[in-house]
Amino acid sequence: MTFEPVLIGFTCNWCSYRAADLAGTSRTKYPPNIRLVRLMCSGRLDPTFVLKALAEGADGVLITGCHPGECHYLEQNYKALRRYHLLRRTLQSLGIEAERVKLVWASASEGLQLAEAIRQFTEEIRALGPLRWNARPELRSEDAPLEAVP
Amino acid sequence: MSKPKFSMYWGASCGGCDIAVLNIHEKILEVDETFEIVLWPVAVDAKYADVEALPDGDITLTLFNGGIRNEENEHMARLLRRKSQILVAFGSCASEGCVPALANLYPRERLFETVYAGPTTENPEGRRPLERAAVPEGELHLPKFYPTLRTLDEVVEVDYIIPGCPPESHQIAAVLDVVFAALRGEAELPPKGSVLGAGISTVCEECPRKRDVKKIRAFRRIQDGPADPEICLLEQGILCAGPATRDGCGALCPLAGAACIGCYGPSEGVVDYGARLMSAVASVIDSRDPEEIERILDGIPDPAGAFYRFNLAGSLLRRGR
């Protein structure tokens, strides 16, 4: 069976959500692996959302927002940028590939660019393989094989 | 009329919680006066079989400290749940995993390697614990060591949480006073699921240090010299967990010039402790340049340990990989 990545994408109401909308209305194709969630701003992205997505079965999370300097709320996308860098380090330190979380800037007119970024991210996660955190047997102690104990 | 029954038990923990309870000074006499202590390994002699023989729900109050690391911990958690009217996840280990849960960063085999073949272990024959061993007298059993440490509430239903590593003794005494009053019919117990012996805000709320504008260009660690005695530690670039951590301790660590390390667990409403702390810390980094941000973040050498020191088992991911 081929692996189809499950991806969650967080979009900003003012730019990347509209870019995704533009991609749709202009019939630009991008992989259906991604499920987009609209936020008011990338600065609203609590790292909790990313961790919850990963913990509940997502293989990758795409964070999108307005280009630097173009935030509707002046500078909240810089906060998203800093949280993204810190979150990647923490994930790495927990043994999860940092590449499973990616930040992409897309303005409202960049439907084509966003579609391309989604396509690229889907292929990157496909190459990385499944995460499927919620299916890990060691999270349910009663399922852990006894013989694994030395 | 016989006295109501009390038990206290430890799973994967250090024993500090038990000491914190003993540390309530003369109030411990009131515990003894009010309750019949049926199980408390650190203080009284009782056997598991004595507890197994009790009718279900016969113990009024059980304080359970420690996480669920092995089969014995789980057996006792289920047993004490069945026998107790009120089961309290007592302390950080039982409620969120605490430091023992940092072992969740490694597979079980790595843990055995460290403990039984590490540089501080004399074990030339490479012996490892066996779950079952045949000896002339019969078969011996050791409890199964689970691959992941779980919190108490992942295994059984918990009535209350008392946070802290360990909970502050004056907070324990205050909670016991409520229980004593409720037993006398003079007070109502708080709603089930409540966090007791703590506040609903953050350590920053209790911290008297001066707060101004938080803008960090570099993180400092304790070896980089003493902190300014009056200014907010986070503003000085010291990774202080105050903004994510529940109040209740009286901001003891920041008052002593040391960063809050988060032992009172997530403040009210926080889903993932580490995510909340990461969010707060990232917000105050004073840079818009990805490369510079990375350079500043180099000042946090162990992110998993820094953001999940007490909370890995209670976090959304619950373990590392």
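In this predicted model, the contact between the two chains takes 37 residues from chain B and 31 residues from chain A. On the side of chain B that touches chain A, the elements giving two or more residues are helix 6 (108–117), strand 8 (145–150), helix 11 (273–283), helix 12 (290–297) and helix 13 (303–307) of chain B. Helix 11 of chain B supplies the largest share of this side, 7 residues. By residue type, the side of chain B that touches chain A divides into 19 nonpolar, 5 polar and 13 charged residues.

Chain B itself is split by the domain assignment into domain 1 (5–99 + 149–183), domain 2 (108–146) and domain 3 (203–307). Between domain 1 and domain 3 of chain B, the C-alpha centres lie 32 Å apart. Their contact takes 8 residues from domain 1 of chain B and 6 residues from domain 3 of chain B. On the domain 1 side, helix 5 (residues 91–96) of chain B gives the most, with 3 residues. That side of domain 1 of chain B comprises 2 nonpolar, 4 polar and 2 charged residues.

A further element to look at is strand 5 (residues 84–90) of chain B. This strand is mostly covered, with 5 of its 7 residues buried. Strand 5 of chain B runs parallel to strand 3 (residues 59–65) of chain B, and 5 bridges join the two. In one of these pairings, Leu61(B) has Ile86(B) in strand 5 of chain B as its bridge partner. Strand 5 of chain B also pairs with strand 9 (residues 160–162) of chain B, in the parallel sense and over 3 bridges. There, Phe90(B) stands opposite Ile162(B) of strand 9 of chain B.

Terms used
Residues numbered from 1 in each chain as written. Chains lettered and ligands numbered in written order. Predicted model: local features only at pLDDT ≥ 70, side-chain atom pairs only at ≥ 80, totals over all residues. Buried ≥ 20, exposed ≤ 12 C-beta atoms within 10 Å, placed from the backbone. Helix = DSSP H or I, 4+ residues; strand = E, 2+ residues; numbered from the N terminus. Pairing = 2+ DSSP bridges. Contact = placed C-beta atoms within 7 Å. Nonpolar A, V, L, I, M, F, W, Y, C, P; charged D, E, K, R; others polar. Domains from an automatic or database assignment.
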